[in-house]
Amino acid sequence: MEDTRPYKIPRPKGLEKYILENCQDINYIFFYQKEDWWECTRCGHRGKLRGSEIIPVHTPQGEERKVKTWCPNCGAEVTQKDVRYGRKKLTDRGRIIWTRGIKSVTFVNIDIFTIDYTMLPPKVRIGPDSQIRISRKKQERWDFEKWYGKQYWHQVKTINLRVKPSDMWGRSEYHDHLYHDDIRKDDIRKMDVGTDLKYADPDKFWRRVAMPDESEIAGQTIRYMSNFVKYTGIEVLEKSGFERLVMERVIDGTKTRTVNLRSKDLRKILKCDRSELRELRNESVGVSFMENWSRWKKRAPWVRPSDVRELTKMDYCSNQGMDLIKERADISKVAKWLLEERRATGDDITFGDYADYLEAAEALGWRMDKKTVYPRNFLQMHDEAMEKYALIKDKVAVEKFAAAEKEITTMTEPWTDGRLLIRPAKSPAELGKESRVLGHCVRIYDKKVERGDAAILFIRKTEDPETPYFTLELNKYCGIVQCRGLHNCAYPDDVRKFIENWHEWLMKRIRKMEKAEKEAAKGAGAPAA
């Protein structure tokens, strides 16, 4: 095939062999019993079937029925297949990604390969997909396209790995592979001698054995090489031991203004002074660390790198609390004071704890002076304020809960038939106990009750009125929604009959009360005699 790539770079010798040995989605052993031979598509070895470890089994239908074994020559896991059947439908497709350094330029070549099993040994065909040129002066990516019989190359703005083509179900048609055999691994640094990547370390991504998908490794490698020649700060960071910062920038593609990658001076790159740089070396610095440090320096200029992790931990999930603190105190002074308290006492104090304390102190009517805002023993004051606040808050919640229950059920006393009784739940705490004993989720219905959308009633045995038995939910129109017992079990016939009798009584009671209210309203509106 004519080489139409924008840059004519010879493919590595032995690339086809490498594809057969490393890039097949499924390795096969074809066998022919009549002529007594087998052949492995991975190593290309052919041997006699008779006397070998291979027991020929032909299973033409279904992936789950394929027989797998091991090649006696190369030891690879292989799938058995009779050479006489189904080879015309067997093809393997993928992309092979390889690099070549020429003068100051590094070329990344992405080719599509097809393995054709209609002949033995299998035939590998390679065609172009993309080509990327990387240097300090210029970076380009060209993609090969086919459109209505026409073939052409067009330039793309991004220097990334091209998105893999997918079939109509969204699955990828191609598996990505990096060309990195043993010789390549040893020679990769030599390959970049003289290029703009001569001080880079692109093979560190290829050494990441834990990566499940080689396309991920390839994409990271390309992003790393592109960023390395684009930003001089990456080389400085790597030489200075801040490789984690580089890896997060490349792997996650995380962009941040807290790191100036265009500078050659390490202190200007990290935006710090000499003493701060010494502290940064002791930290495992990544993008999130630098972002947190930048955010805290805006809040409190005194913050050092050694304070960042502890302050971040104190600030975890307390955005609303931070807003409350800002309204009532100087956040810089509060942060410094809380950090000192935390280190002096060893207690796990957070900004959320402090925000809760301020809210409670304000609700209790405490004078918000320096003594209250910056107490000497914070945890003791915090616990005292929260206990007093809880008494007020619980009382309000219980009253609101009970009022909402009464609005729907109209009940103030339990109703009983002598054997069973039913009564409305009195508080959210009772829902928690009911949920814990019976193993269902009624505990989360407290807000629903408070809004007036539902009422929760407890069914008990008259002889044991404190032990949960069944839990019933009414909607705001007094319709029965559900009734559940232990672990959401359904209720038996005797409980069903009890519920029917009680519900009939309840509806008569409600209709009677509504009638009385209408008559009272009518009487109040009548003209005086």
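Strands β8 and β9 form a hairpin with 4 residues between them; strands here are DSSP runs of E of at least two residues, helices are runs of H or I of at least four residues, and both are numbered from the N terminus. The model is a predicted one, in which local features need pLDDT of at least 70 and side-chain atom pairs count only at pLDDT 80 or more, whereas totals for chains, interfaces and linings use all residues. Residues are numbered from 1 along each chain as its sequence is written, and side-chain values use heavy atoms, with hydrogens and water left out.

The pairing of β8 with β9 (residues 139–147) is antiparallel and comprises 5 bridges, two strands being paired if DSSP finds at least two bridges between them. Ile132 has Arg141 of β9 as its bridge partner. Strand β8 also pairs with β7 (residues 105–116), again in the antiparallel sense, over 11 bridges. Here Ile115 is bridged to Val124 of β8, and a hairpin of 6 residues connects β7 to β8. Of the 12 residues of β8 (residues 123–134), 10 are buried, where buried means under 20% relative accessible area, exposed over 50%, and partly exposed in between (1.4 Å probe, protein chains only).

Thr79 counts as buried because its relative accessibility is 4%. With neighbours within four places in sequence left aside, Thr79 is in contact (heavy atoms within 4.5 Å) with Ile26, Asn27, Tyr28, Ile29, Lys66, Val67 and Lys68. Asp176 has a relative accessibility of 4% and therefore counts as buried. Residues up to four places away in sequence not counted, Asp176 touches Arg95, Ile97, Leu161, Lys164, Glu214 and Ser215. The C-alpha atoms of Asp176 and Met290 are 34 Å apart in space, with a separation of 114 residues in sequence.

An open sheet is formed by 5 strands in the order β12-β13-β14-β15-β16, with antiparallel pairing. Its edge strands, β12 (415–416) and β16 (480–484), each pair on one side only. Within the sheet, β13 (residues 420–424) and β14 (residues 454–461) are joined by 5 bridges, and Leu420 has Lys461 of β14 as its bridge partner. Helix α15 (residues 378–409) lies across β13, β14 and β15 (470–475), at about 85° to β14. Helix α16 (residues 428–438) lies across β13, β14, β15 and β16, at about 55° to β14. For these angles, axes are lines fitted to C-alpha atoms, for helices over the stretch in contact, and values run from 0 to 180 degrees between N-to-C directions.

In helix α10 (residues 305–314), the buried residues are Pro305, Asp307, Val308, Leu311 and Met314. These residues lie on the same side of α10 because they cover an arc of only 135° around the axis, the arc being that of the directions from the helix axis to the C-beta atoms. Their cover includes α8 (274–281), α9 (287–299), α12 (331–345) and α13 (351–363).

The largest nonpolar core has 67 residues, of which Leu237, Leu270, Phe351 and Tyr354 touch the most other members. Helix α4 (residues 214–230) supplies the largest share of this core, 7 residues. Another core, of 22 residues, lies apart from it and includes Leu15, Leu20, Ile96 and Tyr179. A nonpolar core is a set of buried Ala, Val, Leu, Ile, Met, Phe, Trp, Tyr and Cys residues joined through side-chain atoms within 4.5 Å.
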